[in-house]
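Hi everyone, thanks for coming. I'd like to walk you through one model today, going from the overall layout down to a couple of single residues. Have a look at the screen and we'll take it piece by piece.

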Amino acid sequence: MIVCVCKRVSDHQIARHARAGMSFDDIQMELGVATQCGRCEDCARGVVAQCSVGQPIAALHRAPCACAEGASAR
């Protein structure tokens with residue numbers, strides 16, 4: 001799913017970077033997520049928290065964030 005509509009960043013991209021050990025701030029600089037309107041920041045931080053190095057890969061398959069559901073209605 002697309003987490004950041006402004007920069008077109010998906011949860012898979014964020015998760016891949018988080019599993020590689022990057023912090024949210026590093027991911028933000030690398031992908032540009034949550035750098036324009038900021039509406040996706042909570043959802044992006046949630047993906048990072050779920051998919052950090054210590055979490056199992058299956059954590060990505062949880063229910064989507066409410067912010068992503070609202071983004072698809074735009």
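Let's start with the layout: what pattern does the protein follow, read along the sequence? The answer is β-β-α-α-α-α. Counted up, that gives 4 helices and 2 strands. Please keep in mind that this is a predicted model, and everything I tell you is computed from it.

Two overall numbers before we zoom in. The protein has 74 residues, and 35% of them are buried. If you take the contacts with a separation of 6 or more, 51% of those are between residues 24 or more positions apart.

Now to the helices. Two packed helices are described by the angle between their axes and the distance between the axes, and I'll give you both for each pair.

The pair I'd like to begin with is α1, residues 11-19, and α2, residues 24-31. Their axes are 10 Å apart, and the helices pack at an angle of about 130 degrees. That angle makes α1 oblique to α2. As for handedness, the crossing of α1 and α2 is right-handed. Which residues make the contact? From α1 we have Gln-13, Ile-14, His-17 and Ala-18, and from α2 we have Ile-27, Glu-30 and Leu-31. Sorted by class, that contact has 4 nonpolar residues, 2 polar ones and 1 charged one.

Let's stay with α1 for a moment. Its buried residues are Asp-11, Ile-14, Ala-15, His-17 and Ala-18. Looking down the axis of α1, you would find these buried residues within an arc of 165 degrees, so they line one face of the helix. And the spacing has a simple background: an α-helix has 3.6 residues a turn, so residues three or four places apart point the same way. What covers the buried residues of α1? The cover includes both β1 (2-4) and β2 (9-10), along with α2 and α3 (41-50). Just past the end of α1 comes Gly-21, with a positive phi of about 100 degrees.

Is His-17 buried or exposed? Its relative accessibility is 16%, and the cut-off for buried is under 20%, so His-17 counts as buried. Setting aside neighbours within four places in sequence, His-17 touches Met-22, Ile-27, Glu-30 and Leu-31. Take Ile-27 from that group: it sits 10 residues along the chain from His-17, and the two C-alpha atoms are separated by 6.6 Å.

Moving on to α2 itself. Here Phe-24, Ile-27, Gln-28 and Leu-31 are buried. Around the axis they cover an arc of only 105 degrees, which puts them on the same side of α2. Turn to the other side of α2 and you find Met-29 and Glu-30, which are exposed. The buried residues of α2 are covered by elements that include β2, α1 and α3. After α2 comes Gly-32, again a glycine with a positive phi, this one near 85 degrees.

That brings us to the second pair, α2 with α3. How do their axes cross? At roughly 120 degrees, coming within 10 Å. α2 and α3 are therefore oblique to each other. The crossing where α2 passes α3 is right-handed. On the α2 side, the residues that meet α3 are Phe-24, Asp-25 and Ile-27, and their partners in α3 are Glu-41, Ala-44, Arg-45 and Val-48. By class, this contact of α2 with α3 has 4 nonpolar residues, no polar ones and 3 charged ones.

Let me finish with Arg-45, which lies in helix α3. Arg-45 has a relative accessible area of 38%, and that makes it partly exposed. Leaving out neighbours within four places in sequence, Arg-45 is in contact with Phe-24 and Asp-25.

Methods: Residues are numbered from 1 along each chain as its sequence is written. This is a predicted model: local features need pLDDT of at least 70, side-chain atom pairs count only at pLDDT 80 or more; totals for chains, interfaces and linings use all residues. Side-chain values use heavy atoms; hydrogens and water are left out. Axes are lines fitted to C-alpha atoms, for helices over the stretch in contact, and angles run from 0 to 180 degrees between N-to-C directions. Angles under 35 degrees count as roughly parallel, over 145 as roughly antiparallel, 65 to 115 as roughly perpendicular and the rest as oblique. A crossing is left-handed if the near helix is turned anticlockwise from the far one by less than a right angle, and right-handed if clockwise. Contact means heavy atoms within 4.5 Å. Ala, Val, Leu, Ile, Met, Phe, Trp, Tyr, Cys and Pro count as nonpolar, Asp, Glu, Lys and Arg as charged, and the others, Gly among them, as polar. Buried means under 20% relative accessible area, exposed over 50%, partly exposed in between (1.4 Å probe, protein chains only). The arc is that of the directions from the helix axis to the C-beta atoms.
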